[in-house]
Amino acid sequence: MRINKNPFENLLVEKKYRPILISIFFFLLFDIGILIPNFLFSTSLKKDAISINLAGRQRTLSQRITKSLLQLKNASENGYSIDKYKTDLLISSQLFDETLNAFQKGGYVKNNDGESIYLKAVETKKAEKILKKTFVIWNPYKEQIQNILVAEKVIPYKQLRSTVGYGNENNFKLLRLMSDLTNEQEGIAEQKAEYLQIIQLVGMALALGNFFVILFNILTRLQKADKDIQIAHDKISELNEQLKAENVRMSSELDITRRLQQMILPKSWELKSVDGLDIAGFMEAADEVGGDYYDVLNIDGNVKIGIGDVTGHGLESGMLMLMVQTAVRTLQEVEETDPVKFMDALNRTIYKNIQRMNSGKNLTLSLIDYQQGQLCLTGQHEEMIVVRSSGKVELVDTSDLGFPIGLDEEIADFVDQQRVSLNTGDIAVLFTDGITEAENISGELYGLEKLCNTIKENRHLTAEEIKNAIVNDVREHIGEQQVFDDITLLVLKQKDISPSLEIVNSQTFQTMSV
């Protein structure tokens, strides 16, 4: 009789132990299968977090560069010392340029604490496209800034004015591109996090299932195994009930916010109460709660018209939209008529609330004061489209009229105003980029040109009919494609006014014919 002295070999021989050993092997395998991807994805997500933070910092740096140039110009014109502003400009431009190059090729840059960290190159075609557009704007800008920085004492005024003009013209474009880059980097990180969650969920599910197999093989009594399964089932049911209740609660919160947004939109009788203007408005959220804003306030004949676009959408953006509406109405009620003071007070209110919320949201916002055919436009947002009764199309650029609300505490130096005269039959249209950037199934944008043509072709109709024509045309363009952004539109058409009140001399403003 042969005696086997290897205990492990005896275990393999005994068939009753084989399922236990196999289960333990797979349990360990599943654990390793979770740990390795978790380590790799966690490392990658740390790098993505650096990319997101530095992409967000690029937005701030672009604003600091513009601000430093303006301060440098002011100091130069008034004979003040320019050393401090040149130093600020040098630091901001160098850091912006180094970070931008690192996003393109990878490399070491300094973080907000002055430490050198490695920034990996962007990974997607969309991000590369954003960087390509950014370099087209930045390279000429950087060259002009370098020419200013090398000037030892006196900077040629013509050169300084040209650089400031270039910065003002392209500041909003750089800000938008850096916001797009931040959103793209966030999207990449979210996608990786989702992959990691799926891997963890599958791995844990397999490991948990294997664990029950081990218990089943260890326990010799079917009754015990059934009891354990019942306990697990009850726990899962309890968690499902808790999850269901949480979903109901969150759905109720979103529904309440959405209803509040709809409730505070201007009513038809309010729009009709504005003497001299035929007004129609439209807003449709891409999500349960939108981040777009528009309002028409007529308080004792003082008419304030506003339109804005909060970054992103959802509950947080919707709450910010409600704050903006309340702040605008409050300032209108206290009869604050100075556009700069109005926009500055509004910004400080929203900025401090955003800081309290620890949010990264901000918004573009344009406000119009209307009186007897005159529009006084202030604030940075999309272009305002003006279609004359003759069919001439004009675009009013707002990039130099303000600064994103909630991005910085002090914006008074950036706020300006522009006057536009409307004669009988003239149309002014305000919109958010959810219209011009609406995509069809082929990825083609609706575009500004198509929007202008639609307004022009329907200029003989009422404001409500023009609004419907635009909305229908946008929906026809989108087709079956999912709507990714909120769509908001405001149509203003000048009514016939008495000759004694009609404005004859139109104010001069920068336009672009379409």
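A nonpolar core is a set of buried Ala, Val, Leu, Ile, Met, Phe, Trp, Tyr and Cys residues whose side-chain atoms join them within 4.5 Å. Buried means under 20% relative accessible area, exposed means over 50%, and partly exposed lies in between, for a 1.4 Å probe and protein chains only. This report applies these terms to a predicted model, in which local features need pLDDT of at least 70 and side-chain atom pairs count only at pLDDT 80 or more, whereas totals for chains, interfaces and linings use all residues. Residues are numbered from 1 along each chain as its sequence is written, and side-chain values use heavy atoms, with hydrogens and water left out.

## Overview

The protein has 12 helices and 12 strands; helices (H or I, at least four residues) and strands (E, at least two) are DSSP runs, numbered from the N terminus. Of its 514 residues, 44% are buried. A contact means heavy atoms within 4.5 Å. Among contacts with a separation of 6 or more, 73% join residues 24 or more positions apart. The accessible surface comes to about 28100 Å², and carbon and sulfur atoms hold 54% of this area; the areas come from the Shrake-Rupley method with a 1.4 Å probe, and for residues only the protein chains shown count as cover.

In soluble globular proteins, nonpolar side chains tend to be buried together. The largest nonpolar core here has 49 residues, of which I305, L346, L365 and M384 touch the most other members. Helix α8 (residues 315-333) gives the most to this core, with seven residues. A second, separate core has 37 residues, including I82, V109, W138 and L149.

## Helix α8

Helix α8 has 19 residues and reaches 27 Å from its first C-alpha to its last, close to the expected 27 Å at 1.5 Å a residue; the expected span is 1.5 Å times one less than the number of residues. Its buried residues include S317, G318, L320 and M321. G318 counts as buried because its relative accessible area is 0%. The C-alpha atoms of G318 and A285 are 9.7 Å apart in space, although 33 residues separate the two in sequence. After α8 comes E335, whose phi is positive, near 60 degrees.

## Aromatic rings

The structure holds five aromatic pairs. Rings of Phe, Tyr and Trp (its six-membered ring) pair if their centres lie within 6.5 Å; planes under 30 degrees apart count as stacked, over 60 as edge-to-face and the rest as tilted. Two of the pairs share W138.

| Pair | Centre to centre | Angle of planes | Class |
|---|---|---|---|
| F96 and W138 | 4.6 Å | 50 degrees | tilted |
| W138 and Y141 | 5.7 Å | 80 degrees | edge-to-face |

F96 in helix α3 (residues 83-105) and W138 in helix α4 (residues 125-149) are 42 residues apart, and their pair links distant parts of the chain. W138 and Y141, by contrast, both lie in α4, three residues apart, about one turn of the helix. F96 and W138 are both buried, and Y141 is buried too.

## An exposed loop residue

H460 is placed in the loop between α11 (448-457) and α12 (463-478). H460 counts as exposed because its relative accessibility is 60%.
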